[in-house]
Amino acid sequence: AAEIVAAMWPVPALLHELTGLASELDNNGELVKRAITRLHLPMADVTSPVRVAGAIADLEAAMLRAQPELAEELAVRVRPMREQWEARGPGMLIEIARLTDPIVVPSAAEIVLVAPYAGGNGEAHPSVNRVTLEAVLFNPLPALPETVRLAWLLCQLNADLPWLADVLAPARSVPAIRLAMIPPVLAAAEAVELSRCDEATIAAALTAWQTGIAPADAAQQLWLWWSAWLDKSTRWPVAVAALEEMIQENCNVQNQSL
């Protein structure tokens, strides 16, 4: 992170891009170059990519010293995650497509499992059609199994496709989909008896899935929005845009009150 800062690049954005690309590139130099190219980052110092790549190599070496059996441990963690997904995941995706729009569910995607350093977390990478998920052996929150989180992440992968471009700019569509997919994913999880879909569970998901949105007001807004959507009076992209505007207005009101 210090090397990224020294290069005057945005730390969260670059780390997110590096994470999404890491599973397909073994060469750290190529990984850094690809990431900064995709983000169109300026290069004030031509040695910056080399230094960041070196820092990644140092991190890898430190990880291997701390956890020399990491590869074997991950192999053990993969099987239960796959079994849990195969048991309920496809059913959830079918129900999500029925409740929203078939375009929401990707036709194919890659799921990269990593060690659970945060005790349960994940990220969607729409630009490379890939999900990164911590391979926990036990659900950190029983009311929200990690299989449900995985469905939520997968349904964010099509957020950068043209189906939302008519109503939302790309910079706004990804965070909007992150919120909009919570109620339908929970409803699908309820259908396969994995979780519940109600205001309290939405609030729990807002926190557990690290959405960056305070659950207090957002959970109520999401629940009211979802209840209105079930009348199917508009198209799903329009409904997502309406939710994004609603959340933004609420944030503006809170900022003004501060």
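Which pattern does the protein follow when read along the sequence? In this predicted model, the protein follows the pattern α-α-α-α-α-β-β-β-α-α-α-α-α-α. It contains 11 helices and three strands.

**Overall form**

- The C-alpha trace of the protein spans about 55 × 45 × 35 Å along its principal axes.
- The radius of gyration is 19 Å, which agrees with the value near 18 Å that a compact globule of 258 residues would have.
- Of the 258 residues, 42% count as buried.
- Among contacts between residues at least 6 apart in sequence, 61% join residues at least 24 apart.

**Surface and charge**

- The accessible surface comes to about 13,300 Å², and 58% of this surface belongs to carbon and sulfur atoms.
- The protein carries 17 positive and 30 negative side chains, and the centres of these two sets lie 3 Å apart.

**Aromatic pairs**

- The protein has four aromatic pairs.
- One of these pairs is formed by Trp225 and Trp236, with 5.5 Å from centre to centre and 50 degrees between the planes, and is tilted.
- Trp225 belongs to helix H10 (residues 215-229) and Trp236 to helix H11 (residues 236-257), so this pair ties together parts that are 11 residues apart in sequence.
- The rings of Trp229 and Trp236 have centres 5.0 Å apart and planes at 70 degrees; this pair is therefore edge-to-face.
- Trp225 counts as buried at 6% relative accessibility, Trp229 is buried at 5%, and Trp236 is buried at 2%.
- One aromatic cluster is formed by Trp225, Trp226, Trp229 and Trp236.

How values were computed:
Residues numbered from 1 in each chain as written. Predicted model: local features only at pLDDT ≥ 70, side-chain atom pairs only at ≥ 80, totals over all residues. Heavy atoms only, no water. Phe/Tyr/Trp six-rings, centres within 6.5 Å; stacked < 30°, edge-to-face > 60°. Helix = DSSP H or I, 4+ residues; strand = E, 2+ residues; numbered from the N terminus. Buried < 20%, exposed > 50% of the residue type's maximum accessible area, 1.4 Å probe, protein only. Rg over C-alpha atoms; globule rule 2.2 N^0.38 Å. Contact = heavy atoms within 4.5 Å. Areas by Shrake-Rupley, 256 points an atom, 1.4 Å probe, with all protein chains shown as cover. Lys, Arg positive; Asp, Glu negative; His and termini not counted. Charge placed at Lys NZ, Arg CZ, Asp CG, Glu CD.
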